[in-house]
Every structure is written in C-alpha cells, then in structure tokens.
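Welcome, and thank you for taking a look at this protein. Please have the sequence and the 3D view ready as you read along.

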Amino acid sequence: MEGLFETQRGAPLTIGGWPDVGAGEIRYGIEIPKGLSLLAKHDINAEVMGLNDVPPRDRPNVYIVRTAFQIMVGFGTALIGIAAWYWASRRWRRLDNRLLLLALVASGFMGFIALEAGWFVTEVGRQPWVIYGVMRTEDAVTPVPGTANVLYGFSLLYVVLAATLVWLLLRLRHRGPEQAHEHHSGSESNVSH
Ligand code: HEM
C-alpha cells in the first residue's frame, strides 16, 4: 500500500508521488522521516519489510495498489477537512460560501470514489493470492464455461439501469420538483413561488 521497496529501520512515509517499480523507488513524493515505522509498528526505529524481499511472482501490482490507497486516504482526509469546514462555517454563520457549497457537492462523489479505491486496495493488494499462502488466484479460476457471458449480461443490465436513472433525473429536472409535487397531490398545494 505504501510502496516501500527497501527493507529498512526508521522507514519513511511517502505521501503522493508515483511508484517507479523498475528503479524501486517512489518519485516526486513527500517523505515524512520514520513515519511508516511509526504507523506500522508504533516505533520510529522499527524495521519495515520492503517489496524487494518479496519474490516478484508473489507481488501485487504496486502501481494500482499504491495509487488507489493514496486516492482513498487523500479523499478521506479531504472529507474530514470539508466536514470541519462545514461545522466551523455553521458555527460562525458563514454557510453562504460558494466554495464550501461546491466542496459539499463534491464530497458525495469523493466518498464514492474513496470507497471504490479502498476496494481496489484490498482486492488488487491480495493478489496473486485468493487465500494467502495457500491458494493462488490462477488456481481458483472456475473451469465452468460461459461465465464471461454472465459478466457481459450483468454489465449490459447495469448500463441500461444507469441510463434509465440519468433519463429519469433529467426528466425530473425539466419538470421541476413543484410540478412533480402538484402532479401527485392535486392543485391544492400551497407552495409559494
Ligand atoms: C484517512 C482515511 C483512510 C484511511 C487511513 C484508510 C485506510 C484503509 C486501509 C488500511 C484499508 C485496507 C484494509 C486491509 O484490507 O488491510 C482500507 C480499505 C478500504 N477502505 Fe479505506 N481508509 C481511509 C478512508 C476511506 C474512505 C473515506 C472510504 C470510503 C468512503 C474508504 C473505503 C474503504 C474500503 C471500501 C476498503 C476495502 C474494505 C474491504 O475490502 O473489506 N476508506 N482503508
């Protein structure tokens, strides 16, 4: 998840940047000295095992796992920040701030992306094992034919459902919530315009 290549004592925590697997390092990241030893072992001088000590065939895809982890933690931290910003703004009656409102809208998407990224971290990070140390994913693939068709079928179904949702939302937007309300409760609605 952190993309540490060399086994070392007092391992740094690297924030951001891009893993260069060939060179065995993280490029352009911000290093917090001894941060990873502290996080992983609660001791700033503890030894943390690096990827170089894992046989290449037992390593997951470092690009995907580390990047997904950075996205998840980045968005998680941002969400905490936005929540604090909201409560502070509420406390000081500054809620009519366009930037804050935009951040609140974005936080819905960020939660969703963080969730997907977290799932990538665990599912890609566990590779090549399906049961760690016991069974590899390649040995667990089902020999039953036709599973690809089930995947295509479900994918198609979800595309149709997503398109229907967008279509419904667009329809609702054109009609407006008040008209939709009147449609259900008759014209006695006392909504003021
Ligand atoms: C500071 C913020 C965060 C930290 C430090 C963090 C840390 C972690 C770690 C260490 C894992 C891997 C656990 C493991 O299998 O060993 C994980 C998985 C995951 N995280 Fe995060 N996370 C953060 C924010 C978030 C946010 C905001 C979301 C979603 C809104 C999220 C959703 C997930 C999901 C869905 C998984 C996979 C769980 C599973 O496979 O059972 N995380 N997270």
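Two residues are in contact if their C-beta atoms, placed from the backbone, lie within 7 Å. Helices (H or I, at least four residues) and strands (E, at least two) are DSSP runs, numbered from the N terminus.

Some background on the model comes next. This is a predicted model, in which local features need pLDDT of at least 70, side-chain atom pairs count only at pLDDT 80 or more, and totals for chains, interfaces and linings use all residues. Residues are numbered from 1 along each chain as its sequence is written.

## The overall picture

The protein has six helices and eight strands. Along the sequence, they follow the pattern β-β-β-β-β-α-β-α-α-β-β-α-α-α. The C-alpha trace spans about 75 × 60 × 25 Å along its principal axes. The radius of gyration of the protein is 24 Å, while a compact globule of 193 residues would have one near 16 Å. Here the radius of gyration is taken over C-alpha atoms, and the globule rule is 2.2 Å times the number of residues to the power 0.38.

How many of the residues count as buried? Of the 193 residues, 10% do. A residue is buried if 20 or more other C-beta atoms lie within 10 Å of its own, exposed if 12 or fewer, and partly exposed in between, with C-beta atoms placed from the backbone. Among contacts with a separation of 6 or more, 51% join residues 24 or more positions apart.

The expected span of a helix is 1.5 Å times one less than its number of residues.

| Helix | Number of residues | Distance between end C-alpha atoms | Expected span |
|---|---|---|---|
| Helix 2 (62-91) | 30 residues | 43 Å | 44 Å |
| Helix 3 (98-125) | 28 residues | 39 Å | 40 Å |

In helix 2, the buried residues are Val62, Val65, Arg66, Ala68, Gln70, Met72 and Phe75. Just after helix 2, Arg93 takes a positive phi of about 55°.

Helix 3 has Ala114, Ala117 and Val121 as its buried residues, and these pack against helix 2. Helix 3 also bends by about 30° at Ser107. The bend at a residue is the angle between axes fitted to the seven residues ending there and the seven starting there.

Helix 5 lies largely in the open, because the number of buried residues among its 29 is zero.

## Around the ligand

Which residues come nearest to the ligand? Of the 13 residues around the ligand, they are Gly76, Ala114, Leu115, Gly118 and Thr122. A residue is near a molecule or strand if its C-beta atom, placed from the backbone, lies within 6 Å of it. Helix 2 and helix 3 each supply at least two residues of this shell, and the largest share, seven residues, comes from helix 3.

By class, the shell has eight nonpolar, five polar and no charged residues. In this scheme Ala, Val, Leu, Ile, Met, Phe, Trp, Tyr, Cys and Pro count as nonpolar, Asp, Glu, Lys and Arg as charged, and the others, Gly among them, as polar.

## Details in the loops and a strand

Tyr28 sits in the loop between strand 4 (25-27) and strand 5 (30-32). Although Tyr28 is not a glycine, it has a positive phi of about 60°. Tyr28 is exposed, with 9 other C-beta atoms within 10 Å. Setting aside neighbours within four places in sequence, Tyr28 is in contact with Gly17 and Trp18.

His42 belongs to the loop between helix 1 (35-41) and strand 6 (47-48). Phi of His42 is also positive, near 60°, in a residue other than glycine. Is His42 buried or exposed? His42 is exposed, with 8 other C-beta atoms within 10 Å.

Pro128 is in the loop between helix 3 and strand 7 (129-131). The peptide bond from Gln127 to Pro128 is cis, with omega near 5°. The C-alpha atoms of Tyr28 and Pro128 are 28 Å apart, and 100 residues separate the two along the chain.

Met135 is part of strand 8 (residues 135-136). Met135 is exposed, with 12 other C-beta atoms within 10 Å. Not counting residues up to four places away in sequence, Met135 touches Trp129, Val130 and Ala140.
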